[in-house]
Amino acid sequence: MSFDRFAFTRRQGLKAVLASAAGGALGAFGRLDAAQAQTRAETLRHVLAGTVNTLDPTTPGATRESFGLSTAVYDRLASYGRKQVNGSWVFDFDNIRGELAEKIDRSADGRTFTFHLRKGATWHDGAPVTAEDVKWSLDRAVSAKSLAAGQIATGSLTKPEQFKVVGEGVVEVSLDRPDRLALANLAVPLSPMFNSTLARRNATADDPWAQNWLKENTAGGGAYMVEQYKSGQQTILKRNEAWKNGAGGALPYFKRVIAQTVPEAATRANLLERGDADIAIDLQSSDISALEARGKIKLVATPQINGFTAIVFNTRMAPFDNPKVRAAVAAALPYEAMFEAALFRRGRPLFGATWTDAPNGAFPQPLPFRTDAAKAKAMLAEAGFPDGFKTTFSFSAGVAAVAEPMATLIREALGAIGVDVSIQKLPPAQMASMEVERRVPFFISAGTAWLPAPDYFLRNYFTGDHRWNFSGFSNPKLDALAQAARFEADAAAYEATCRQMVDIVARDVPMIMVWQPNQDAVMAPVIDGYTYWFHGQVDYRDLRRA
């Protein structure tokens with residue numbers, strides 16, 4: 001049954017579901033008795049714009065919401081820590097701890113990781129977690145036709161022979177050579193650990209990894225169990241009281257979580273303001289400003305430290321195959337005006353740096369792009385276009401709220417140096433196809449890196465002939481540096497290599513990362529502990545009601 005059929009009663013329906021899940025309905029005058037109030041306090045209500053379309057995060061086509069849910073339902077061998085930055089919690093990429101593994105040993109040569117599983121750890125059905133379960137889960141990750149294989153291959157994890165059971169509750173992972181991202185890949189949602197006995201019981205000859213069954217069923221041992229799942233509509237979780245794999249062994253605060261899709265941003269905002277929902281991370285900027293002004297919600301705004309919005313040049317299409325043309329356009333763009341009009345300054349600028357040579361190897365970092373119309377005109381003439389040229393600036397209708405004000409300002413600024421820009425707003429599917437086929441010359445795009453190591457970022461977005469190299473950029477020196485950095489064990493040498501890559505990107509301008517938008521988490525004033533995670537979703541295990 002389509003959720004849209006209930007649009008006129010969405011709020012009432014959500015309240016009824018939440019009241020039922022919390023163990024009791026509202027009293028005749030809207031008051032809760034003591035027992036019901038306590039149960040309500042232990043229930044977290046999350047409203048989403050998108051949908052959870054599978055319970056197996058490795059399913060091709062899985063949504064980001066599915067990745068987020070999986071962190072609560074499945075454990076991984078390892079997990080990133082978290083830290084406070086400017087008063088807000090963010091994930092700590094440089095601090096990896098055991099999750100299902102109680103201890104992780106690393107060999108001196110960096111080629112072997114030994115995982116010692118937590119004693120007494122169990123699956124949701126009460127069966128003990130075994131090393132054989134872990135071996136099967138890792139074999140599945142590299143062997144099944146899923147999202148997992150491509151991701152963990154970026155950490156040199158590619159074949160079952162790399163995973164061995166070496167003792168009771170002990171698994172060894174071996175590498176042909178040290179890879180900086182091997183352990184990090186075992187902490188992402190695409191590396192879940194499965195109850196192999198349960199999964200194999202539901203496998204078939206045509207589906208040996210139980211991929212079909214696991215789309216709508218679980219075989220996990222994480223902090224929460226799935227109590228109810230309606231694909232694309234709603235998921236209800238209940239706390240796993242036997243869970244021991246969190247930091248310090250503590251259980252999450254909330255005994256129950258209700259995650260429900262509510263497509264309209266205004267409706268989500270209304271539910272939060274009225275107290276009918278506890279958290280949302282995907283409201284419109286205008287709604288957030290209005291809610292904040294009325295003072296009935298808490299806002300935690302965190303720049304997406306592993307993400308970016310970019311103005312991209314198709315470096316395989318004239319005239320943007322000329323780096324001087326790209327640099328001329330970069331000098332003409334009205335950065336501050338775009339930041340204000342498109343994002344209301346809700347984010348971290350990645351423009352305006354004053355350096356000539358990269359000060360460090362961090363990436364993304366602000367690059368030396370600033371508005372200078374005189375310089376832009378001079379460079380355009382130097383590139384062989386003293387009278388300018390005509391081009392098209394394209395964007396997806398799905399990001400129109402941000403892209404349209406940017407496009408208007410870009411057209412005006414480039415018009416001033418003789419570049420005639422036509423604006424093209426395309427349906428999302430068409431825009432994606434044209435971008436992949438490299439049929440748009442100049443456009444807006446965005447990305448995130450689950451593993452925000454500088455070399456991973458630069459390798460994914462500036463090398464290779466694949467979807468994520470938005471600009472189709474090719475620079476032999478950068479290609480070689482990116483591959484070398486991945487396997488560089490010396491910290492100083494790694495930093496120097498990354499700094500060289502940042503210099504190349506700043507000089508050749510294949511695309512301009514203009515900013516890192518905020519992840520705006522809007523929540524009830526009594527919700528604490530929200531953490532910005534690399535996958536961009538809510539980790540329910542972090543949250544509590546004050």
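In which loop is Pro364 found? The legends below take up this residue and several other sites of a predicted model.

**Figure 1. A cis peptide bond joins Phe363 and Pro364.**
Pro364 lies in the loop between β14 (347–349) and α13 (373–382). The omega angle of the bond from Phe363 is about 0°. Most peptide bonds are trans, and most residues other than glycine have a negative phi.

**Figure 2. The bond from Ala318 to Pro319 is cis.**
Here omega is near 5°. Where is Pro319 placed? Its loop runs between β13 (307–313) and α11 (323–332).

**Figure 3. Ser156 has a positive phi.**
The value is near 65°, in a residue other than glycine. Ser156 sits in the loop between α5 (147–152) and β6 (163–167). Is Ser156 buried or exposed? Its relative accessibility is 18%. Buried means under 20%, so Ser156 counts as buried.

**Figure 4. Ala210 also has a positive phi.**
Phi is near 55° in this residue, which is not a glycine. The loop that holds Ala210 lies between α7 (196–201) and α8 (211–214). With a relative accessible area of 0%, Ala210 is buried.

**Figure 5. Helix α12 packs on helix α14.**
Helix α12 covers residues 335–343, and helix α14 covers residues 400–415. Their axes are 8 Å apart, at an angle of about 150°. An angle over 145 degrees counts as roughly antiparallel, so α12 is roughly antiparallel to α14. The crossing of α12 past α14 is right-handed. Which residues meet in this contact? From α12 come Ala337, Met338, Ala341, Ala342 and Leu343. They meet Ala401, Val402, Pro405, Met406, Leu409 and Ile410 in α14. By class, this contact of α12 with α14 has 11 nonpolar residues, no polar and no charged ones.

**Figure 6. Helix α16 packs on helix α18.**
Helix α16 spans residues 454–462, and helix α18 spans residues 491–508. The angle between them is about 35°, and their axes are 10 Å apart. α16 passes α18 in a left-handed crossing. On the α16 side, the contact takes in Pro454, Asp455, Leu458 and Phe462. On the α18 side are Tyr494, Cys498, Met501, Val502 and Val505. How many charged residues does the contact of α16 with α18 have? There is one charged residue, with eight nonpolar and no polar ones.

**Figure 7. The setting of these views is a protein with 18 helices and 21 strands.**
The C-alpha trace spans about 75 × 65 × 45 Å along its principal axes. What radius of gyration would a compact globule of 546 residues have? That value would be near 24 Å, and the protein has 25 Å, which agrees. Buried residues make up 55% of the 546 residues. Take the contacts between residues at least 6 apart in sequence: 70% of them join residues at least 24 apart.

Key:
Residues numbered from 1 in each chain as written. Predicted model: local features only at pLDDT ≥ 70, side-chain atom pairs only at ≥ 80, totals over all residues. Heavy atoms only, no water. Axes fitted to C-alpha atoms, helices over the stretch in contact; angles between N-to-C directions. Helix = DSSP H or I, 4+ residues; strand = E, 2+ residues; numbered from the N terminus. Parallel < 35°, antiparallel > 145°, perpendicular 65-115°, else oblique. Left-handed = near helix turned anticlockwise from the far one by under 90°. Contact = heavy atoms within 4.5 Å. Nonpolar A, V, L, I, M, F, W, Y, C, P; charged D, E, K, R; others polar. Rg over C-alpha atoms; globule rule 2.2 N^0.38 Å. Buried < 20%, exposed > 50% of the residue type's maximum accessible area, 1.4 Å probe, protein only.
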